[in-house]
Protein chains: 2
Amino acid sequence: MHKYKGSSKLMLQPENTEELSQILKYCNSRCLAVVPQGGNTGLVGGSVPVFDEVIINTRRMNSIISFDKVSGVLVCEAGCILENLISFLDKQGFIMPLDLGAKGSCQIGGNVSTNAGGLRLVRYGSLHGTVLGLEVVLANGDVMDMLGTLRKDNTGYDLKHLFIGSEGSLGIITKVSILTPPKLSSVNIAFLACQDYISCQKLLFEAKRRLGEILSAFEFLDSRAMNLVLNHLDGVRNPLPSSIYNFYVLIETTGSNESSDKEKLEAFLVHAMESGLVSDGALAQDLNQASSFWHIREGIPEALMKAGAVYKYDLSLPVEKMYDLVEEMRIRLGAEANVVGYGHLGDGNLHLNVSTPQYDDAVRFVFLLHKSKNGPTVLLLIIIRTPQQILAQIEPFVYEWTSRHHGSISAEHGLGLMKAEKIYYSKSAGTVQLMASIKKLLDPSGILNPYKVIPQSLLS
Amino acid sequence: MHKYKGSSKLMLQPENTEELSQILKYCNSRCLAVVPQGGNTGLVGGSVPVFDEVIINTRRMNSIISFDKVSGVLVCEAGCILENLISFLDKQGFIMPLDLGAKGSCQIGGNVSTNAGGLRLVRYGSLHGTVLGLEVVLANGDVMDMLGTLRKDNTGYDLKHLFIGSEGSLGIITKVSILTPPKLSSVNIAFLACQDYISCQKLLFEAKRRLGEILSAFEFLDSRAMNLVLNHLDGVRNPLPSSIYNFYVLIETTGSNESSDKEKLEAFLVHAMESGLVSDGALAQDLNQASSFWHIREGIPEALMKAGAVYKYDLSLPVEKMYDLVEEMRIRLGAEANVVGYGHLGDGNLHLNVSTPQYDDAVRFVFLLHKSKNGPTVLLLIIIRTPQQILAQIEPFVYEWTSRHHGSISAEHGLGLMKAEKIYYSKSAGTVQLMASIKKLLDPSGILNPYKVIPQSLLS
């Protein structure tokens with residue numbers, strides 16, 4: 001958070017596609033670099049200017065264009081704030097297929113540009129599946145009308161996918177057409193405790209099978225994440241206070257029938273308790289309790305920020321290997337860093353966070369004093385590493401480890417500025433080369449979001 | 001069916017990616033055109049040679065590479081036959097996210113190349129959502145390793161989407177990684193009758209809402225399709241024989257709990273009967289009956305072939321407009337053509353078929369005789385139109401109508417040879433231009449599947 005601070009002398013806020021097209025046309029003809037910006041909630045510096053780029057912010061393009069209640073297809077402008085779309089759909093009896101912590105300020109255009117994942121991916125899949133159409137303005141100002149509203153269209157290459165997740169480096173998304181699922185009336189949430197990681201895995205396997213079609217979230221956090229939330233956020237209570245467990249799992253089901261869904265979830269929980277996978281658990285009894293369960297999971301990033309400096313990693317890994325990385329990192333970093341693991345277990349997505357106290361760079365030593373009869377004596381001297389030294393312990397280790405286990409070094413946060421040069425850890429050289437060729441084809445002057453996504457050496 | 005017959009002097013069947021790469025490298029260096037071929041079950045001529053292309057058939061590349069029971073990710077070679085994959089997964093407790101009539105001979109590489117839709121799209125979404133990774137060989141023989149197995153990977157452009165649905169014109173798919181859903185134990189099928197099309201639509205709306213998460217198919221056929229199946233296929237019985245209704249709807253639910261699913265479906269059917277949306281209905285009582293219900297829907301193409309010459313159209317349209325086209329076509333073509341409408345109503349996908357008796361081209365007149373007391377007299381003379389004349393009545397009308405209603409002229413069959421020049425009915429000029437640029441970037445000598453997908457004028 002706030003890791004990247006850019007500065008730019010100019011931020012333009014076009015009101016419609018035509019204005020945005022004119023801006024790009026002008027910038028392209030003068031070789032002026034631009035950085036597209038939505039809600040600016042990204043974590044990898046994708047939407048901050050690096051030098052003196054012109055910021056193009058889509059916030060004023062925020063109209064809902066149409067909604068079809070039969071098909072559930074919503075068409076809207078890129079600047080619509082996710083939470084506003086969620087509220088709009090709620091009144092129509094539908095929901096957005098994506099939901100994430102930043103919903104109060106992130107924009108749908110940014111969500112699509114970064115291929116945002118979030119809390120509902122396990123149920124509704126990625127935006128590559130739910131986005132039906134896009135309108136995009138290319139670097140030269142050309143407006144690409146790919147704003148279809150059909151579930152099926154096999155008339156040639158489905159080019160919208162190029163722009164989903166390209167972080168504004170191939171074009172600027174101006175309109176989005178998205179398939180929204182009907183809102184189902186029955187939502188149940190369970191907060192469970194597991195003693196070990198293998199139980200979490202087995203619980204996931206069983207949940208996929210026994211809850212099947214109603215499973216809508218399977219999130220996990222370790223005891224350190226839980227402690228952070230309990231210690232740093234006001235008014236948070238541990239739903240399972242009798243003991244501190246090693247792992248907590250949040251399971252949400254969403255279905256159309258209250259009684260049969262509850263029955264199914266309860267039967268699943270009885271099975272999980274009896275087979276020893278779960279040590280303790282609580283079922284939310286009302287909406288308040290449900291939102292307090294979610295608040296624990298969603299509050300982790302805020303608690304981390306309050307606890308000190310944070311190094312954040314967003315990794316996809318095979319589920320069975322995922323937590324090994326957290327444990328190896330703990331051994332590497334020792335006691336002075338708090339290594340926290342949480343995330344979307346149902347999707348194989350680990351948020352690995354390293355939290356350290358915010359010491360001044362100058363303070364390198366801590367003396368622990370021992371008072372004995374003979375007066376105080378120095379018992380221990382701990383050398384506190386500088387942020388640079390800690391970072392050197394984490395990287396490139398974390399990327400190498402992920403690459404070795406065929407994971408992704410960015411599951412949902414994108415590459416942005418932070419990881420553009422690290423792309424080879426997760427993509428083959430041939431693929432990166434082809435990415436660069438496509439970038440040159442669509443943006444020959446390289447004005448769109450320079451220094452992001454693709455290694456600079458391939459573009460110059 | 002059998003509309004396109006190509007001839008080629010050479011068919012190569014490489015055993016692995018390396019061999020296929022060598023073939024393409026050679027062909028590219030000599031500017032020899034190739035046509036990739038899987039099970040050759042396509043309907044638009046995408047896999048037939050036009051002049052003297054070398055056929056590259058993937059049938060010998062048919063190994064299952066890995067299957068992960070925790071994540072449900074299957075990795076296999078392109079030549080695996082869909083039905084074999086379905087059987088393999090069945091033993092592991094999983095299913096393929098796509099299922100279609102041609103499963104006995106179509107290959108997964110072809111399915112992905114053509115972005116096959118089929119019967120389960122309404123539940124599991126398109127291949128753009130479920131395919132997690134691909135290995136593809138480019139025209140110059142370069143092997144692109146994009147064979148990820150992760151649900152989330154946001155490290156740069158997701159280039160595999162370029163190849164999904166590109167009908168072998170950008171590269172040849174050699175390996176596929178796909179997310180497979182757990183097999184759910186409870187499957188229920190209802191066969192229902194509706195008096196009018198508006199009731200079918202309302203039924204779909206209600207089914208999405210009341211069956212929600214367990215709805216796995218929503219298919220429809222009109223009375224003409226039903227009559228064709230009853231008259232031309234052996235051993236098919238009408239599940240609702242008391243009367244002939246105008247429309248029939250097949251609803252399938254798939255869930256994890258037999259009793260609650262059945263309860264939910266029955267409650268839905270009671271509601272549908274009481275509100276008059278459904279005139280009659282039958283619930284399959286066992287597996288045999290379930291498969292006989294499916295046989296009616298899946299048997300329509302075969303019945304059409306037996307009935308005479310068929311003109312086949314595969315269209316996406318807004319659900320509320322869909323059947324208007326069938327009715328307008330009936331008025332246009334008059335009594336000598338049997339205009340049949342059926343398809344995946346849940347996805348807004350209409351299969352419009354025009355069936356005509358197979359007259360010899362020379363027979364243009366039919367005399368109807370009337371026997372009166374004064375001996376036989378010619379009462380009526382009907383001019384039978386030639387196939388060319390009928391075609392001229394259908395096209396371009398059907399494409400213009402679809403375009404005017406913002407539909408797709410190819411929902412799931414692709415463009416192939418048949419519709420390459422018709423692409424502008426469903427794609428904007430800018431998009432088609434960008435498609436052509438990408439084709440030139442990936443296949444500069446134009447050796448891959450020439451004359452298909454993209455209008456020839458843009459490539460020469």
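Reply: **The interface and its surroundings**

The model is predicted; local features need pLDDT of at least 70 and side-chain atom pairs pLDDT 80 or more, while totals for chains, interfaces and linings use all residues. Residues are numbered from 1 along each chain as its sequence is written, chains are lettered from A and ligands numbered from 1 in the order written, and side-chain values use heavy atoms, without hydrogens or water.

Chain A brings 83 residues to the contact and chain B brings 82 residues. Between them the chains bury about 6500 Å², 58% of it on carbon and sulfur atoms (the accessible area, with a 1.4 Å probe, that two parts lose on being put together, summed over both). In chain A, the residues that lose the most area to chain B are K152(A), N154(A) and Y157(A), together 16% of what that side buries.

There are 38 residue pairs in polar contact between chain A and chain B, both residues at pLDDT 80 or more (N or O atoms within 3.5 Å, one able to donate a hydrogen and the other to accept it; residues adjacent in sequence count only if both atoms are side-chain atoms). The elements of chain A that each supply at least two residues to this side include α7 (197-210) and α9 (258-274) (DSSP runs numbered from the N terminus: helices H or I of at least four residues, strands E of at least two). The largest share, nine residues, comes from α15(A).

Eight salt bridges cross the interface (a side-chain nitrogen of Lys or Arg within 4 Å of a carboxyl oxygen of Asp or Glu). In one of them, K152(A) meets E412(B) at 3.0 Å, N to O. These two residues belong to a salt-bridge network that also links R151(A) and D347(B). Another bridge joins D153(A) and K427(B), whose closest N and O atoms are 3.7 Å apart. It runs from the loop between β7 and α6 of chain A to the loop between α14 (397-404) and α15 (429-442) of chain B. D153(A) is partly exposed, because its relative accessibility is 26% (buried: under 20%; exposed: over 50%; partly exposed in between, with a 1.4 Å probe and protein chains only). K427(B), at 12%, is buried.

H344(B) also reaches this region: its contacts beyond four places in sequence include K152(A) and E412(B), along with residues of its own chain such as R297(B) and H351(B). H344(B) lies in strand β14 (residues 338-344) and, at 3% relative accessibility, is buried. Its side chain makes a polar contact of 2.7 Å with that of E219(B).

Within chain A, K264(A) and E213(A) form a salt bridge at 2.7 Å, N to O. K264(A) sits in helix α9 and E213(A) in the loop between α7 and β10 (215-222), 51 residues apart. Both K264(A) and E213(A) are buried.

How values were computed. Contact means heavy atoms within 4.5 Å.
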